[in-house]
Amino acid sequence: MAQIIFDHVTKKFGDETALENVSFEIEKGEFVFVIGRSGAGKSTLLNLIMKQEEATSGRITVNGRRLDIMKRRKISAHRSRIGIVSQDVGLLKDRSVYDNILFALWATEHGSAQMKKTAMRVLGLVGLVGKSESFPDELSGGERARVLLARALSTSPDILIADEPTANLDPDASWDLMQLLAEVNYQGMTVVVASHARDLVTIMKKRCISLVSGMVVADEKNSIYNQKATDIFEERRILARKK
Ligand SMILES: Nc1ncnc2c1ncn2[C@@H]1O[C@H](COP(=O)(O)OP(=O)(O)OP(=O)(O)O)[C@@H](O)[C@H]1O
């Protein structure tokens with residue numbers, strides 16, 4: 001069974017349809033980009049996987065569990081199996097890098113020796129052991145993004161979700177971060193990345209699920225950023241409206 005299954009999922013916010021009849025399956029160990037313009041529905045799709053939002057219709061299954069019938073007391077266990085890299089869940093500015101990681105670990109691990117070991121291991125993975133005592137404001141944008149990744153990895157999730165992880169990063173830092181995500185995926189973790197960083201997505205040549213106005217218009221392996229498919233779809237839609 002696939003690790004993430006969307007089966008005819010629609011998500012509405014009032015009159016606004018954020019996702020429409022979306023179906024796909026993501027296998028364990030896959031690296032998938034979710035691409036599309038601003039407002040296409042990328043964050044909504046990620047939030048549904050996390051069960052931060054509820055689907056209006058359709059069925060979502062993650063790690064073998066249906067989210068629509070998941071008991072309230074199971075939700076935190078579900079979320080703890082998913083690591084999130086998002087600028088929205090920022091770092092605590094008055095805590096060191098090391099403490100930021102420890103803070104994430106308090107919910108899942110016991111024993112300070114083990115927590116310390118884990119924190120240093122994930123900081124090592126992202127190449128930031130030397131910055132463990134720094135505060136977020138003392139880091140570059142790229143380093144802060146890597147701390148967000150280290151924090152997401154600290155709880156050993158099954159799935160890593162990244163929402164526009166390279167937003168606000170320069171090309172070198174963006175590339176470094178993508179390489180780290182690829183490395184994490186190479187170690188076996190499922191990675192789902194929402195992005196509109198066209199060049200990076202094209203270079204990475206991974207599976208791309210392309211969204212236009214909440215609809216999947218392309219889902220291709222070894223894909224480049226498929227602007228053509230989305231443009232053709234937009235054109236058809238505009239023509240259909242005019243008829
Ligand atoms: N909580 C909400 N309430 C109302 N409308 C929402 C809500 N969240 C998202 N939407 C709407 O759903 C649509 C999809 O939004 P979403 O944030 O998923 O897009 P996105 O592709 O992630 O965009 P961006 O790249 O700008 O982050 C948009 O039209 C947005 O206005």
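I began with an open sheet of 6 strands, which has mixed pairing and the order β6-β7-β8-β3-β9-β10. Strands here are DSSP E runs of at least two residues, helices are H or I runs of at least four, and both are numbered from the N terminus. Two strands pair if DSSP finds at least two bridges between them. At the edges I found β6 (82–86) and β10 (215–220), each with a single partner strand, so one side of each has no neighbour in the sheet.

This is a predicted model: local features need pLDDT of at least 70, side-chain atom pairs count only at pLDDT 80 or more, and totals for chains, interfaces and linings use all residues. Residues are numbered from 1 along each chain as its sequence is written.

Next I looked up β3 (residues 31–35) and β8 (residues 190–195): they run parallel and are joined by 5 bridges. Phe31 stands opposite Val191 in β8.

I then turned to an open sheet of 4 strands, with antiparallel pairing and the order β2-β1-β4-β5. Its edge strands, β2 (16–26) and β5 (65–66), each pair on one side only. Between β1 (residues 4–13) and β4 (residues 57–62), which run antiparallel, I noted 5 bridges. Ile4 stands opposite Val62 in β4.

Last entry: which residues does Ala150 touch, leaving out those up to four places away in sequence? I found Ile101, Val122, Leu123, Leu125, Val126 and Leu128; contact means C-beta atoms, placed from the backbone, within 7 Å.

Technical notes. Contact = placed C-beta atoms within 7 Å.
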